[in-house]
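Which aromatic rings pair up here, and where do they lie? Look over the sequence and the model first.

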Amino acid sequence: VFDYIERAATVLDANLVGFTHAAEKLTEYLERAFGDFDATIGVTSRIKTRDSLKEKIVRNSLYKDAPADRIVFEMHDIIGVKIECRFFKDEALLYRKICETFCVDVGDGFFSPADKKAIRLKLDAPQPEKQKNGFSIYRVDGNVAYAGENYNFELQIKSLVNSFWSEIEHKLIYKNN
């Protein structure tokens with residue numbers, strides 16, 4: 001398991017530039033597409049860190065699911081993107097706007113905007129979805145093609161209050177050893 005984790009972390013390190021560029025392009029597109037929407041506060045992204053990758057592999061026994069050299073490319077949230085809005089009601093409005101924009105069915109439940117086929121969102125799942133903590137969240141899996149590689153990402157739509165509480169929960173419960 002330790003060897004698997006180290007090999008997966010090495011793959012992450014070796015591809016960090018690609019993940020970073022893909023996240024930047026994705027963030028730029030979403031900012032252009034939804035930044036002028038009245039409820040939107042901003043769009044941010046992150047790449048899973050080595051430590052977070054290691055923790056997730058162990059916590060979810062991912063070493064059983066895919067080879068170490070592919071796990072970072074198969075992980076649905078190796079890139080995380082958040083569109084932040086003001087209020088709870090704005091989350092639903094923003095999700096509907098995303099569905100209107102990502103209107104081209106490209107198969108397997110994925111949809112793309114008409115002007116950007118390289119970005120795909122899996123919009124066939126019911127939203128919002130219930131989290132393990134019982135709260136609802138708009139969380140959509142996606143994929144972006146960049147420089148000949150496909151990168152998975154998770155898109156979250158969160159109001160300021162939900163962002164605040166999820167940060168607290170993440171630090172106190174999820175990451176608390």
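## Aromatic contacts

Phe19 is buried, at a relative accessible area of 0%. Buried stands for under 20% relative accessible area, exposed for over 50%, and partly exposed for what lies in between (1.4 Å probe, protein chains only). The model is predicted: local features need pLDDT of at least 70, side-chain atom pairs count only at pLDDT 80 or more, and totals for chains, interfaces and linings use all residues. Residues are numbered from 1 along each chain as its sequence is written, and side-chain values use heavy atoms, with hydrogens and water left out.

Rings of Phe, Tyr and Trp (its six-membered ring) pair if their centres lie within 6.5 Å; planes under 30 degrees apart are stacked, over 60 edge-to-face, the rest tilted. The count by this rule is 6 aromatic pairs. The table shows two of them.

| Pair | Type | Centre to centre | Between planes |
|---|---|---|---|
| Phe19 and Tyr151 | edge-to-face | 5.0 Å | 65° |
| Phe73 and Tyr151 | tilted | 6.2 Å | 40° |

Phe73 belongs to helix 4 (residues 71–74) and Tyr151 to strand 8, so their pair ties together parts 78 residues apart in sequence. Helices (H or I, at least four residues) and strands (E, at least two) are DSSP runs, numbered from the N terminus. Phe73 is buried, at 7% relative accessible area. Tyr151 is buried too, at 5%. Ring pairs join Phe19, Phe73 and Tyr151 into a cluster.

A charge also meets a ring. The charged end of Arg120 sits over the ring of Phe110, 4.2 Å from its centre. This requires NZ of Lys or CZ of Arg within 6 Å of the ring centre and within 35 degrees of the ring normal.
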